[in-house]
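The entries below keep the order in which I looked things up.

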Amino acid sequence: MSKIDPPFDRESIRRILIQTVSASNCKKGSLRYWLSAGPGDFQLSPSGCHQSGLYAIVIQDLSLAPHKSRGVKVITSSIPIKHPQFAITKSVNYLPNVLSKMEAEEAGAFAGIWLDSEGFVAEGPNMNVAFVTKEKELIMPQFDKILSGCTAKRVLTLAECLLREGKLQAIRTKNVTIEEGKMADEMMLIGSGVLVCPVVQWDKQVIGD
């Protein structure tokens, strides 16, 4: 969608990212990287940019992340969700995400949960949402209108082990109503920044017991 030609091939990019992490000496943190049209004339069109650029940064994690053990509160976001054409693309168009996060923090919550145009559960500002129902089904909103997060897809893969062990009865991506979500036994936020973070309250509804 961005119509940007990468400055390097995939293998070179992989090598650059590994070298960046190695040079940082960071043992606990995250690697973030993005593709840009490159230096140019600061106009809307990238036609004034003559060479695309790859940027990578390693960020050390200094937080103690107490929310991971205690669980967090979320609210239903009133900020309009991105159109699916843009929501499914990872980009730096983060204004709606920032406003949703700020709205949640102003309400004393950790994050806002978006609903899609049909009223189904969508995602958080920079994380996916998942639920474990009373029937022990792991359900996650379908990825046709939201970002298919790498961490979320990894969770779906790893959860197959719980299925084989009988701890889960099913794993599905589906349209999830807000009523289903709030009545679930468990709710979690999933993303590279939070990994898997338990949610204990959505709006005024306590999740689980």
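Predicted model: local features only at pLDDT ≥ 70, side-chain atom pairs only at ≥ 80, totals over all residues.

Entry, helix 4. I looked up residues 95–106 and found a helix of 12 residues that reaches 16 Å from its first C-alpha to its last, close to the 16 Å expected at 1.5 Å a residue. I then asked which residues of helix 4 are buried. They are Pro96, Asn97, Ser100, Glu103 and Ala104. These five lie on the same side of helix 4, because they cover an arc of only 125 degrees around its axis. I set beside this the rule that an α-helix has 3.6 residues a turn, so residues three or four places apart point the same way. On the other side of helix 4 I found Leu95 and Glu106, which are exposed.

Entry, the core. The largest nonpolar core has 20 residues, and those with the most contacts inside it are Val74, Ile113, Phe131, Met187, Leu189 and Trp202. Strands 3, 4, 5 (128–132), 8 (186–191) and 9 (195–202) each supply at least two residues of this core, and strand 9 gives the most, with three. I listed the contacts of methionine 187, leaving aside its neighbours within four places in sequence, and the list includes Val74, Ile113, Phe131, Trp202 and Ile207. Apart from this core I recorded another, of 11 residues, among them Ala130, Ala159, Leu168 and Met188.

Entry, strand 9. Strand 8 pairs with strand 9 in the antiparallel sense over five bridges, with isoleucine 190 opposite valine 196, and the two strands form a hairpin with three residues between them. Strand 10 (residues 205–206) runs antiparallel to strand 9 and is joined to it by two bridges; here the bridge partner of tryptophan 202 is glutamine 205. Strands 9 and 10 also form a hairpin, with two residues between them, and I noted a positive phi of about 55 degrees at aspartate 203 in the turn.

Key
Residues numbered from 1 in each chain as written. Heavy atoms only, no water. Helix = DSSP H or I, 4+ residues; strand = E, 2+ residues; numbered from the N terminus. Expected span 1.5 Å × (residues − 1). Buried < 20%, exposed > 50% of the residue type's maximum accessible area, 1.4 Å probe, protein only. Arc of directions from axis to C-beta. Core = buried A, V, L, I, M, F, W, Y, C linked by side-chain atoms within 4.5 Å. Contact = heavy atoms within 4.5 Å. Pairing = 2+ DSSP bridges.
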